[in-house]
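Biologist: I would like to learn how to read the features of a model like this one. Please take me through it, one topic at a time.

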Amino acid sequence: MKAEGPYFDELTAGQAFPAVPRITLTEGLAAVHQSITGDRLALSLDTALAEEVTGASAGAGTGAGPGAGTGPGAGRPANPALVWDVAIGQSTVATQHVKANLFYRGLWFRRFPVIGDTLRTTTRVDSLRQNRPREGRAPTGLAALRITTVDQHERPVLDFWRCAMLPLRDPSGQTGHADDLDAAGATANPTSPAALLDGWRLDRFAAHGFWPQYGDLVPGDVVEVAGGDVVSSAPELARLTLNIAAVHHDEQAAGGTRLVYGGHTIGLALSQAARALPGLVTVVGWFSCDHLAPVHEGDTLHSSIEIESAEALGAGGLVGLRSRVYSAPGQQVLDWRFLAVLA
């Protein structure tokens with residue numbers, strides 16, 4: 001008996017995977033995550049500010065009421081990157097043999113977890129497509145996975161898709177899988193930002209004077225983020241989030257050089273976005289996220305942020321942001337389009 005995840009030719013559409021350990025979002029977990037990805041979101045760093053803006057009270061994150069975890073009195077919001085890193089990491093029960101993650105679709109928050117909440121993730125195969133054979137390369141296929149995360153009260157947190165490339169166990173195998181993976185996540189609908197932010201006082205956030213604020217941004221603006229961030233503690237982040245993909249831990253599985261977990265690159269991209277835009281309150285969700293090239297530990301990542309859209313929301317607004325991340329001049333590794341709240 002060998003304890004390992006499935007290969008591509010062992011997957012079927014609709015297949016569900018066994019339960020994995022739940023994770024409670026503790027102060028310690030958040031602190032270690034911050035040390036690796038560089039959380040700079042004021043709302044997840046500053047308890048006093050969180051209380052002022054959301055009406056949170058310390059230690060209130062385990063309330064069981066219907067509104068617990070989102071509205072006034074709910075607790076300090078966890079950094080959104082910590083939440084999606086945990087969800088993705090828990091989903092790797094299906095992708096221990098992954099060669100690469102290509103994209104994510106339809107990642108929209110249904111509620112914002114707080115410190116003290118516990119996350120549980122289930123993973124199901126949505127669609128499958130075997131890649132065309134290439135001479136000199138072992139056969140592979142693409143699996144679109146539906147990932148659903150809830151909290152300790154079974155309240156929805158995330159529901160999204162990711163696409164993983166997996167090898168076949170049988171090197172001569174032909175599965176016949178030819179699904180249209182472009183359909184993955186196409187039906188996902190964003191949560192109403194007004195519902196997510198119910199009871200939040202964005203005017204209190206804006207009053208702290210972070211600059212630039214929402215009103216200073218114009219669609220079409222591009223912000224070049226000064227300075228890069230070295231990618232460090234890559235296997236530690238994978239372990240922290242229960243990510244068991246072998247390519248993040250085992251050089252042999254990765255073909256000689258370990259690959260960095262994609263959430264690591266996205267977390268550093270968010271940190272750089274918040275450094276450039278300190279008025280960034282939180283992330284509502286992603287329009288799309290594409291991994292364009294591998295990242296390795298020791299790489300230094302730089303990014304630019306494009307303002308794609310802006311919509312007023314009370315004392316702040318919703319902005320569509322596009323983060324382009326580079327590991328070297330001309331080598332883009334990430335193209336991430338997301339919706340954020342600025343005040």
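**Aromatic rings**

Modeller: Start with Trp 336, which is buried at a relative accessible area of 0%. Buried means under 20% relative accessible area, exposed means over 50%, and partly exposed lies in between (1.4 Å probe, protein chains only). This is a predicted model, where local features need pLDDT of at least 70 and side-chain atom pairs need pLDDT 80 or more, while totals for chains, interfaces and linings use all residues. Residues are numbered from 1 along each chain as its sequence is written, and side-chain values use heavy atoms, without hydrogens and water.

Biologist: How many aromatic pairs does the structure hold?

Modeller: A pair of aromatic rings is described by the distance of the centres and the angle of the planes. The cut-off is 6.5 Å between centres for rings of Phe, Tyr and Trp (its six-membered ring); planes under 30 degrees apart are stacked, over 60 edge-to-face, and the rest tilted. The structure holds 10 such pairs. One joins Trp 84 and Trp 336, edge-to-face, at 5.9 Å centre to centre with 80° between the planes.

Biologist: Which parts of the chain does that pair link?

Modeller: Distant ones: Trp 84 is in helix 4 (residues 80-91) and Trp 336 is in strand 11 (residues 331-342), 252 residues apart. Helices (H or I, at least four residues) and strands (E, at least two) are DSSP runs, numbered from the N terminus. Trp 84 has 0% relative accessibility, so it counts as buried. Phe 109 and Phe 112 make a tilted pair, with 5.4 Å between centres and 50° between planes. Both Phe 109 and Phe 112 are buried.

Biologist: Which residues form one aromatic cluster?

Modeller: Trp 84, Tyr 104, Phe 109, Phe 112, Trp 200, Trp 286, Trp 336 and Phe 338.

Biologist: Which residue lies over the face of Phe 103?

Modeller: Arg 105 does, at 4.4 Å from the ring centre. The test is NZ of Lys or CZ of Arg within 6 Å of the ring centre and within 35 degrees of the ring normal.

**Cysteines**

Biologist: How many disulfides does the structure hold?

Modeller: A disulfide is a covalent bond between the sulfur atoms of two cysteines. The cut-off is a pair of cysteine sulfur atoms within 2.5 Å. The structure holds zero. Cys 163 is in none, and its nearest cysteine sulfur, in Cys 289, is 13 Å away.

Biologist: What space lies in the largest pocket?

Modeller: A pocket is found on a 1 Å grid over the protein atoms alone: an open set of points where a 1.4 Å probe fits, with protein on both sides within 12 Å along at least five of seven lines; lining residues have an atom within 4 Å of a point. Points join across faces, edges and corners, and the volume is the space filled by probe spheres set on them. Here it is about 400 Å³. The lining has 17 residues, and Lys 99, Arg 137, Ala 138, Thr 140 and Met 165 are the closest to the centre. By class, nine are nonpolar, four polar and four charged. Nonpolar means Ala, Val, Leu, Ile, Met, Phe, Trp, Tyr, Cys and Pro; charged means Asp, Glu, Lys and Arg; the others, Gly among them, are polar.

Biologist: What lines the second largest pocket?

Modeller: This pocket holds about 330 Å³. Its lining has 17 residues, with Ala 100, Asn 101, His 291, Ala 293 and Pro 294 nearest the centre. The classes are 11 nonpolar, five polar and one charged. Strand 2 (100-105) and helix 8 (262-276) each give at least two lining residues. Strand 2 supplies the largest share, three residues.

**Backbone**

Biologist: Where is the cis peptide bond?

Modeller: Most residues other than glycine have a negative phi, and most peptide bonds are trans. In this model a cis bond joins Trp 211 and Pro 212, with omega about 0°. Pro 212 sits in the loop between helix 6 (202-206) and strand 6 (222-224).

Biologist: What is phi of Ser 233?

Modeller: Near 55°, a positive value. Ser 233 lies in the loop between strand 7 (229-230) and helix 7 (234-240), and is partly exposed at 27%. Leu 242 also has a positive phi, near 65°. Leu 242 is in the loop between helix 7 and helix 8, and is partly exposed at 30% relative accessibility.
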